[in-house]
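Subject: Structure handover

Hello,

Here is the structure I said I would pass on. My notes on its aromatic rings and on one of its helices follow below.

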Amino acid sequence: MIQIIYNARIYTLDELHPLASAIAINQERILAIGTDHQILSEFEGNHQVTSLNLEGRVVLPGLNDAHIHLEQYALGLQKVDCETARRAECLKRVAERARQTPAGEWILGHGWNQNNWPEGFGNADELDHVAPHHPVYLTAKSLHAAWVNHAALKLASIDAHTPDPPNGRIDRDHKGQPTGILFEGAMELIQSVIPEPDETQVTRALVNALDTLLSMGLTGVHDFDRRRCFSALQTLYMQGRLPLRVVKNIPLEDLPHALGLGLHSGFGDAWLRIGGIKIFADGALGPRTAAMLQPYESEPNNRGMLLMDAEDIHEKGGQAVANGLTLAIHAIGDWANHEVLNAFTQLRKFEKTLRAFQSNPVYPLRHRIEHVQLIHPDDAPRLAALDITASMQPIHATSDMSMADRYWGSRAAFAYAWRTLLDQGTRLAFGSDAPVETPNPFLGLHAAVTRRRSDGSPAPEGWYPNQRLTIMEALAAYIRAPAYLAYLENSLGKLAPNYLADLIVLDEDPFTCDPDQLKEIRPLGIMVGGQWKLRKF
């Protein structure tokens with residue numbers, strides 16, 4: 001059966017044919033696209049055709065989130081929401097959950113940001129007071145710090161004599177006692193004693209989460225969680241219950257397993273396929289662990305935490321590259337980005353050698369830097385020169401701008417520098433980093449185009465307005481670039497003949513509406529692979 005959609009305003013993102021009004025779909029792929037007259041007359045009289053009048057509504061290719069943590073997002077929907085204006089409100093929510101939870105069971109929460117609390121960081125005593133009979137573990141919005149109570153510390157055997165683990169720090173008071181705040185690798189001490197959900201629980205949580213993501217207009221995601229999430233996704237795939245497309249990235253610690261199995265980036269199909277190897281070069285802005293070339297403002301002894309330098313990345317990354325696996329490297333501070341670019345310079349040379357000896361068309365690989373939140377102006381041109389994609393999250397800019405001004409000062413002019421990078425020729429891919437931020441792509445589009453928060457702050461022109469993007473540039477980062485990174489640019493990323501029929505239907509036109517309205521847009525229709533997943537008209 002052929003489906004025809006007509007009387008629509010279709011933005012194809014196909015540079016050769018950017019606008020259309022009708023589209024014909026055969027099973028999962030686009031058969032033809034053009035004007036109403038062209039498409040309707042071509043299939044006139046065909047009894048195998050159904051037609052749908054969209055009454056002037058807007059159609060876009062499906063949006064993709066190029067950086068999300070699916071399992072954490074799914075499980076996070078069940079956690080205490082700690083993203084509050086004051087610390088007392090967060091504690092109140094923990095107390096409410098404690099009253100509903102049997103004694104001895106863990107209370108998990110996520111989303112606090114001490115930079116937004118007038119009181120600053122919390123401590124273990126406060127959590128003891130509101131949850132005296134439960135171990136409590138609350139992750140920061142950045143996912144690079146945690147707040148725990150004494151019951152949790154005791155279960156993890158953390159006391160004044162516990163040394164800081166590699167790449168981590170236990171915050172301590174003047175007597176050397178743990179305060180209840182853990183940074184980076186120290187979080188793993190607690191995580192190791194929290195009962196893990198099994199694959200069945202994760203699968204169940206993913207079903208609800210994926211439907212939620214789909215309803216936002218996302219027809220695909222690039223996931224950065226671990227093995228259990230991949231297993232759950234495979235279960236859904238085999239059951240035919242995967243509602244959107246997933247590119248699955250692999251953590252560095254599982255690189256030996258990937259090499260042993262001979263996995264390559266791009267292996268799989270358009271529903272579930274292998275991405276790259278995820279490496280962490282530094283921490284995050286919120287807990288001031290992002291690695292900086294110069295110290296944080298008012299913290300002369302703090303340059304953050306460089307977790308891997310160029311030599312380390314080259315050593316580990318070279319193993320992946322030699323086996324056809326791309327790299328996705330987390331780098332937030334300007335020092336971390338500098339080291340990552342140094343590593344990629346050497347890895348590109350290595351790839352040329354591999355190509356010469358192996359005659360392998362896989363090279364150059366489609367590498368990416370995740371976040372690129374602050375870059376030194378001297379390093380900005382290097383991403384394009386090395387053909388490295390900047391995988392960024394627009395909503396980070398509007399969430400973090402106050403912190404960036406406070407801790408990076410004038411350097412913030414090159415924070416979340418989308419325009420600078422794009423004008424240098426860098427490919428931008430956009431996502432959310434959910435559950436760090438909301439995965440709603442229309443909030444991301446609003447942030448990219450306006451550099452303003454939902455309340456209009458900081459000013460009508462936005463924060464560092466010279467870094468704003470046009471709506472077309474922002475949409476390309478949510479549509480075309482993720483397809484390219486997945487090696488699917490010949491099947492996804494635009495609406496054109498022989499491409500997969502992934503599309504969304506909107507009542508509001510993002511190209512003509514007031515930019516402030518972008519954050520309010522919600523899809524009325526969502527199609528993935530020629531199948532309507534949502535239809536409200």
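Trp418 is buried, and Phe430 is buried as well. This is a predicted model, and everything below is computed from it. The ring centres of Trp418 and Phe430 lie 6.1 Å apart with the planes at 65°; an angle over 60 degrees counts as edge-to-face, so that is the class of this pair. The two residues come from distant parts of the chain: Trp418 belongs to helix 14, Phe430 to strand 21 (residues 428–430), and 12 residues separate them.

A second case of a charge over a ring is Arg366, which lies over the face of Tyr484 at 4.0 Å from the ring centre.

Over the whole structure, the search gives 11 aromatic pairs. One of them joins Tyr416 and Trp463, with 5.9 Å from centre to centre and 55° between the planes, and it is classed as tilted. This pair too links distant parts of the chain, 47 residues apart. Tyr416 sits in the loop between helix 13 (394–408) and helix 14 (418–423), while Trp463 sits in the loop between helix 15 (441–450) and helix 16 (471–485). Both residues are buried. Elsewhere, Trp112, Trp117, Phe121, Trp147 and Phe183 are linked into a cluster by ring pairs.

The other item is helix 11.

Which side chain of opposite charge is nearest to Asp334? Asp334, found in helix 11 (residues 334–358), is buried yet has no salt bridge, and the nearest such side chain is Arg411, 4.9 Å away. Leaving out residues up to four places away in sequence, Asp334 touches Ala291, Met292, Leu293, Leu374, Ile375, His376 and Arg411.

Regards

How values were computed: Residues numbered from 1 in each chain as written. Predicted model: local features only at pLDDT ≥ 70, side-chain atom pairs only at ≥ 80, totals over all residues. Heavy atoms only, no water. Phe/Tyr/Trp six-rings, centres within 6.5 Å; stacked < 30°, edge-to-face > 60°. Helix = DSSP H or I, 4+ residues; strand = E, 2+ residues; numbered from the N terminus. Buried < 20%, exposed > 50% of the residue type's maximum accessible area, 1.4 Å probe, protein only. Lys NZ or Arg CZ within 6 Å of the ring centre and 35° of its normal. Lys, Arg positive; Asp, Glu negative; His and termini not counted. Salt bridge = Lys/Arg side-chain N within 4 Å of Asp/Glu carboxyl O. Contact = heavy atoms within 4.5 Å.
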